Amino acid sequence: MKKIILSALALVVLFSCSNDENTNAVVTEDANAHRGCASHEILEKQLQNDPKLAERMAQFEIEAEKFIKENRIVNGVLEIPVVFNVLYRTSAENISQAQLQSQIDVLNKDFTGTNTDYNSSNPYNSVRGAINVRFVLDAVYRKSTTKTSWGTNDAMKKSSQGGLNPTSPTTKLNYWVCTIGGGILGYAQFPGGASATDGVVVDSKYTGTNGTAAFPFNLGRTATHEVGHWMNLRHIWGDTTCGSDLVSDTPTHNDANSGVPAVGHRSTCSGQPLEMYMNYMDYTDDRGMYMFSSGQVSRMAAAFGSTGPRASFR
Ligand SMILES: [Zn+2]
């Protein structure tokens with residue numbers, strides 16, 4: 001934010017010094033001259049002569065402030081506070097603060113394209129995308145339970161069912177850590193659902209990069225994928241054979257990929273396109289996924305737009 005405000009101020013100064021024909025008064029009489037700009041003196045005179053000018057300028061300030069706020073996602077960094085809700089029966093499930101922080105670090109790298117594998121040799125380098133967000137560990141709530149697994153019916157999100165209610169879900173990303181069971185690594189709620197169940201759920205064994213994080217899902221990419229859904233991204237294969245993910249720059253996929261697909265893997269869908277098997281919204285092992293496309297980034301940014309379903313996060 002500070003950076004944008006500074007650059008906005010710099011622009012205002014530049015604008016006033018170069019764009020007002022009456023004030024191009026740079027003093028250059030001798031070699032020791034200092035740069036001079038009479039803009040402010042001229043402005044003061046104009047303010048005296050034009051009683052409405054101050055009012056118009058005050059209005060520009062209000063509009064500038066509004067513009068800066070509304071464009072946080074484009075020009076600035078959108079901060080997303082993350083609340084972890086950890087439900088544990090065993091001490092292993094009660095994962096450490098360091099493991100939770102390692103997940104925050106992965107989210108920050110993966111969404112901003114600063115992950116070390118971002119520059120992997122990739123036939124889809126030209127459509128890679130990054131979004132200017134910063135995830136911040138806001139709070140950690142922990143609760144001991146007797147449940148061995150939680151399933152996918154949102155019980156972990158309800159204190160009445162032994163779980164933990166979300167904290168400020170319209171302004172904070174709630175992330176439940178628990179044993180889900182049934183081979184499910186995690187799940188997310190898409191934008192538009194009820195606030196009471198909003199957020200992502202990721203199994204403790206697939207959260208972060210240290211502690212109990214288990215190969216081949218030990219690089220924190222389960223949460224990258226789930227937060228992608230939370231920001232309105234669909235699975236890259238469109239959840240049906242050769243389906244659509246509503247993104248224009250991703251190719252058609254037959255179905256989900258798993259493991260780490262061979263380089264050059266193509267779909268058998270119309271035109272046999274090269275699949276984007278390295279995309280976070282596929283189902284590959286963590287080490288096989290390392291990019292969002294720019295079309296996906298546009299969809300995520302739209303979710304945070306002024307009329308978007310996640311506008312309350314701005
Ligand atoms: Zn998914």
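Figure 1. From the N terminus on, the elements run α-α-α-α-β-α-β-β-β-β-β-α-β-α. That makes seven helices and seven strands. Both kinds are DSSP runs numbered from the N terminus: helices are H or I with at least four residues, strands are E with at least two. This is a predicted model, where local features need pLDDT of at least 70, side-chain atom pairs count only at pLDDT 80 or more, and totals for chains, interfaces and linings use all residues. Residues are numbered from 1 along each chain as its sequence is written.

**Figure 2. An open sheet of five strands.** Here the strands line up as β3-β1-β4-β6-β5, with mixed pairing; two strands pair if DSSP finds at least two bridges between them. β3 and β5 stand at the edges with a single partner strand each, so one side of each has no neighbour in the sheet. Ignoring direction, neighbouring strands are turned by 20° against each other on average. Helix α5 packs on this sheet, touching β1 and β3, and its direction makes about 155° with that of β3. (Axes are lines fitted to C-alpha atoms, for helices over the stretch in contact, and angles run from 0 to 180 degrees between N-to-C directions.)

**Figure 3. Zooming in on Tyr175.** β1 and β4 pair in the parallel sense over five bridges, and the bridge partner of Phe84 in β4 is Tyr175. Skipping its neighbours within four places in sequence, Tyr175 is in contact with Val82, Val83, Phe84, Asn85, Gly199, Val200 and Val202. "In contact" means that the two C-beta atoms, placed from the backbone, lie within 7 Å.

**Figure 4. The largest nonpolar core.** Of its 51 residues, Val82, Tyr175, Val177, Cys178 and Val200 touch the most other members. β1 gives the most to this core, with six residues. Such a core is a set of buried Ala, Val, Leu, Ile, Met, Phe, Trp, Tyr and Cys residues joined through C-beta atoms within 7 Å. A residue is buried if 20 or more other C-beta atoms lie within 10 Å of its own, exposed if 12 or fewer, and partly exposed in between, with C-beta atoms placed from the backbone.

Figure 5. Just after α6, Asn232 takes a positive phi of about 90°.
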